[in-house]
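Q: Could you walk me through reading this model, one feature at a time?

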Amino acid sequence: MSARVQPNSPTDHIDDIVWQVFDAWSYGVGDLVLGTNPVSSETDAVAKIEAALFDLLATFQLEDTLPNCVLSHIDIQAEVEERSVFLTGCIRWRVRALSSPEADRQKHGYTAYLIANAL
């Protein structure tokens, strides 16, 4: 069994979001995906949340293990990705799935169906 952690803050406050992740992890929850729905659709706000989640994963060396995603409009995600390549978790994981050797894809559970539908 796995679970998604979905930290949300009514003001997109980074500390609130990070502490919600720590709270979930303290209960052993959040090993499937780390995702949040930002209140703001401003590119700067989404970029700050993406950076905070990536920093959290990198601090615990989980950036290659646990996917993260800030669920904003695809145009906003593209702008954030242009600023900081591979910062956005959704894009980082899609590229990893596509560029991995077949044995690696199978090890991580990437099926042809999953990869085709992730694009």
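Q: Is Asn-8 buried, partly exposed or exposed?
A: This is a predicted model, and the value is computed from it. Asn-8 has a relative accessible area of 29%. Buried means under 20% and exposed means over 50%, so Asn-8 counts as partly exposed.

Q: Where does Asn-8 lie, and which residues is Asn-8 in contact with, leaving aside its neighbours within four places in sequence?
A: Asn-8 sits in the loop between β1 and α1. With those neighbours left aside, its contacts are Gln-20, Thr-36 and Asn-37. Take Thr-36. Asn-8 and Thr-36 are 28 residues apart in sequence, yet 5.8 Å apart in space, C-alpha to C-alpha.

Q: How do I read the sheet, and what is the order of its strands?
A: Start with the general idea. Strands of a sheet pair through backbone hydrogen bonds, in a parallel or an antiparallel way. Here the sheet is open, with 3 strands in the order β1-β2-β3 and parallel pairing. β1 (4-5) and β3 (68-70) are at the edges. Each has a single partner strand, so one side of each lacks a neighbour in the sheet.

Q: How many bridges join β1 to β2?
A: There are 2 bridges between β1 and β2 (residues 33-36), and the two strands run parallel.

Q: How do I describe two packed helices, and at what angle do the axes of α2 and α3 cross?
A: In general, two packed helices are described by the angle between their axes and the distance between the axes. The axes of α2 and α3 (residues 74-83) come within 9 Å and cross at roughly 65°. The crossing is right-handed. On the α2 side, the contact is made by Thr-43, Asp-44, Val-46, Ala-47 and Glu-50. On the α3 side are Ile-76, Gln-77, Glu-79, Val-80 and Arg-83. By type, the residues of this contact are 4 nonpolar, 2 polar and 4 charged.

Q: Which strands does α2 lie across?
A: Helix α2 (residues 43-59) lies across β2 and β3, at about 165° to β3.

Q: What about the core: which residues have the most contacts inside the largest one?
A: In soluble globular proteins, nonpolar side chains tend to be buried together. The largest nonpolar core here has 17 residues, and Val-21, Leu-34 and Leu-53 have the most contacts inside it. α1 (14-26), α2 and α3 each supply at least two residues of this core. α2 gives the most, with 7 residues. Leaving aside neighbours within four places in sequence, Val-21 is in contact with Val-5, Pro-7, Leu-34, Leu-53 and Leu-56.

Terms used
Residues numbered from 1 in each chain as written. Predicted model: local features only at pLDDT ≥ 70, side-chain atom pairs only at ≥ 80, totals over all residues. Heavy atoms only, no water. Pairing = 2+ DSSP bridges. Helix = DSSP H or I, 4+ residues; strand = E, 2+ residues; numbered from the N terminus. Contact = heavy atoms within 4.5 Å. Axes fitted to C-alpha atoms, helices over the stretch in contact; angles between N-to-C directions. Left-handed = near helix turned anticlockwise from the far one by under 90°. Nonpolar A, V, L, I, M, F, W, Y, C, P; charged D, E, K, R; others polar. Core = buried A, V, L, I, M, F, W, Y, C linked by side-chain atoms within 4.5 Å. Buried < 20%, exposed > 50% of the residue type's maximum accessible area, 1.4 Å probe, protein only.
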